[in-house]
Amino acid sequence: MEIKLEFVRKRSEFGRPCSFSDYLAEVTVDIPPDPSLADDFIPQDPVDFAFQEGPVMAVHEVNTERAQVAIKGVNHVEGGWPLHVDPKNPELTSRYREEVEREDAYTRSVQRLGSNNAIDIYEEYFGEEEEEEEEEEEHPSAKTIIVIRDPNTTKRMATHISWHPDANRAVAVAYCSLDFQDSRKDLSSDSYIWDLEKPYSPELTLKPSSPLVTLEYNSKDWHHVLGGCYNGQIVYWDTRKGGLPVEMTPVEFSHRDPVYGACWLPSRTGTECFSGSTDGQVLWWDIRKMSQPSEKLILDITKEDQLKNALGASALDFAPTMPTKFLVGTEQGTIISCNRDSKTPPEKIAHIFSGHLGAVYSVTRNPFFPKVFLSVGDWTARIWTEELMDSSSIMETKYHTPYLLDGCWSPVKPAVFFTAKSDGTLDVWDFLFHQKEPSLSLKVSNDPLLSLRSQDNGRILGCGTRLGIVSLLEISPGLCTMRKNEKTLTSTMFEREARREKVLQDKHRERLVREQERARARPEEQEDPQEAFQKAKEDFFSIIKAERRRRGQDDPAEVTGTGESGHHGRDPTKGRGQ
């Protein structure tokens, strides 16, 4: 954490600015001599005098660290630098530096040609510089720039983070205790919106009827904030009207369990949203009329539309690029791909992906390839594609010792994603470089990391802990800057892994077909059980007889293949060593 102190003063207080003019000199102060001060005069011996014998020049040359430049009086500005090397204008300075470096590179290229005066105008003169820049890329790193703490004495979990759509100038954090029957005193139900320029006190305090589990800004109307409560209600605020909710859903028409996912829909009015809960329902709402849901879907994968068979939703994802489809992660470890445009509720459950051994805590689509999505649950993070409906994940991380509790994609790099673990560690994965180990593993806190969300520029990452501490991390440029052909390479990698998984899937189906054919053929070839037993018995004793004969210990009295009793053919007085 870096502690900074800013000291602000007006420009006029730094000193009197120089003002040049043509009017004649005038006497401003006249101090006459005072003979009484002569007694206080102390003669100094020796006395040093400075004099300059060199001629005064109008033009001077100065060697600087940046470049050898000519400083003329007409180009001289405050600070002693030429106009094109102004330390107060870094953009102008960097542009000048690039021009000098390019001229030097071109000069070096021409000098390498030697005596041959022919110049290849198609030669790439700056390719070596680009390679040197790639080689000099810094190692992946991250540092904490801001720490936001729960202002309440009784600490709660930071369960969800949402960035303000306007240049991420603020962040909304949902605070809630997910411990079963938490009966601590003075447990607040407030959540907060924090201004990043003033992170020591909340900008706005949201006061719901029940603690918030999830919180989302509306990308179409920045003043609207949607919240999902622990008691199942859906609440929304207009930040211009203060911290009290504008409207909330009635308890009898709301969810029966905590709302773990709530998303805004890209409608014309910007007032539609939907929510998912562990009660097994997905409900659609319009904030203009929240008296009851406009639509309902029961997550029954048996397609019987029975709430008793429904799977609890523990994660929800919606991508504006696919306005009718959404993903639901369940407590049972399965991921359900749903399509709202289907006619009947059972048809809305389009596909089911199984692979996790525990609850799915996060499911998110890739911002560059919407058919590819990331899921986090149990001890792994998995990457899936909707092009392979009945197969397992195309890529996955190793099994970690601590649980994985949240994850998200980088919004600027298609192969980079982040995972949060229960030991307080943040892992940054880049599948283009490392498939078995994370590119960066950073210990953020000693408490479990429960929530994770990246800014739109991919530079700042918010991590929420179990004790309500939200750490804002700034990651290195190499992890938030797209390289050349990175999107193409990532697409090729996903396609290759999808083909590999399809080949394995076809082989598995062929093996199942062969096993089914064998099972159908067995009834026709079934033998009498007694005959099969007798045959196995004869084979067994024949093997023993052959082994004894090989060892030269063949004794017909000891071994026979036709005995009926349990001791026939075996002398019980003989030891096991024979």
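1. Leucine 461 stands opposite leucine 473 in β30, in a predicted model. Strand β29 (residues 460–465) and strand β30 (residues 470–475) run antiparallel and are joined by 5 bridges; strands here are DSSP runs of E with at least two residues, helices are runs of H or I with at least four, and both are numbered from the N terminus.

2. The sheet is open, with 4 strands in the order β3-β30-β29-β28 and antiparallel pairing, where two strands pair if DSSP finds at least two bridges between them. Its edge strands, β3 and β28 (449–454), each pair on one side only.

3. Strand β3 (residues 142–148) also gives the most to the lining of the second largest pocket, with 4 residues. A pocket is an open set of points on a 1 Å grid over the protein atoms alone, where a 1.4 Å probe fits, with protein on both sides within 12 Å along at least five of seven lines, and lining residues have an atom within 4 Å of a point. Of the 18 residues that line this pocket, the closest to its centre are Glu2, Ile145, Ile146, Pro199 and Tyr200.

4. Helix α5 (residues 529–551) has 23 residues, and glycine 552, which follows α5, has a positive phi near 75°.

5. On conventions, residues are numbered from 1 along each chain as its sequence is written, and side-chain values use heavy atoms, with hydrogens and water left out. Because the model is predicted, local features need pLDDT of at least 70 and side-chain atom pairs count only at pLDDT 80 or more, whereas totals for chains, interfaces and linings use all residues.

Technical notes
The expected span of a helix is 1.5 Å times one less than its number of residues.
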